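Student: I have a model open and want to check the labels used for it. Can we go through them one by one?

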Amino acid sequence: MSKHVTVEVPEHAVKMFDGDEARFSREMYEAAVVQWFDEGRISQGKAAELLGISRAELFDVLWRHEVSPIQVTPEELAEELKGV
């Protein structure tokens with residue numbers, strides 16, 4: 001199930017994409033999903049699902065946005081290394 005949401009943005013924001021509203025919408029949604037992933041709010045799998053792409057393709061998206069696909073806190077890493 002999907003939901004249509006209307007977001008009001010300044011006209012000049014869409015002009016950055018040559019007035020292509022569909023491209024602007026897609027890019028804005030992609031940026032939001034990448035941000036949610038970077039904040040740890042969603043997993044790689046959920047991010048890929050939301051974008052309608054594979055996890056492998058998600059790595060390319062994350063690379064373009066300069067976001068690491070590995071989301072491990074220093075505490076989690078320290079805990080994992082205890083067992084090594």
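Tutor: First, the ground rules. This is a predicted model, where local features need pLDDT of at least 70, side-chain atom pairs count only at pLDDT 80 or more, and totals for chains, interfaces and linings use all residues. Residues are numbered from 1 along each chain as its sequence is written, and side-chain values use heavy atoms, with hydrogens and water left out.

Student: Why does Glu30 count as buried?

Tutor: Buried means under 20% relative accessible area, with exposed over 50% and partly exposed in between (1.4 Å probe, protein chains only). Glu30 has 9% relative accessibility, so Glu30 counts as buried.

Student: What is Glu30 in contact with, leaving aside neighbours within four places in sequence?

Tutor: Contact means heavy atoms within 4.5 Å. On that basis Glu30 touches Leu51, Val61, Arg64 and His65.

Student: Which other residues of α2 are buried, and what covers them?

Tutor: Besides Glu30, the buried residues of α2 are Phe24, Val33, Val34 and Phe37. The cover includes α1 (11-15), α3 and α4.

Student: What makes α2 roughly antiparallel to α3?

Tutor: The axes of α2 (residues 21-38) and α3 (residues 44-51) come within 10 Å and cross at roughly 170°. Angles over 145 degrees count as roughly antiparallel, under 35 as roughly parallel, 65 to 115 as roughly perpendicular and the rest as oblique. That makes α2 roughly antiparallel to α3.

Student: And why are α3 and α4 called roughly perpendicular?

Tutor: The axes of α3 and α4 (residues 55-64) cross at roughly 90° and come within 9 Å. α3 and α4 are therefore roughly perpendicular to each other. Gln44, Gly45, Ala47, Ala48 and Leu51 of α3 meet Arg55, Leu58, Phe59 and Val61 of α4.

Student: What caps the N-terminal end of α2?

Tutor: Asp20 does; a side-chain oxygen of Asp20 lies 3.2 Å from the backbone nitrogen of Ala22. After α2 comes Gly40, with a positive phi near 80°.

Methods. Axes fitted to C-alpha atoms, helices over the stretch in contact; angles between N-to-C directions. Helix = DSSP H or I, 4+ residues; strand = E, 2+ residues; numbered from the N terminus. Polar contact = N/O pair within 3.5 Å; in protein donor to acceptor, adjacent residues only side chain to side chain.
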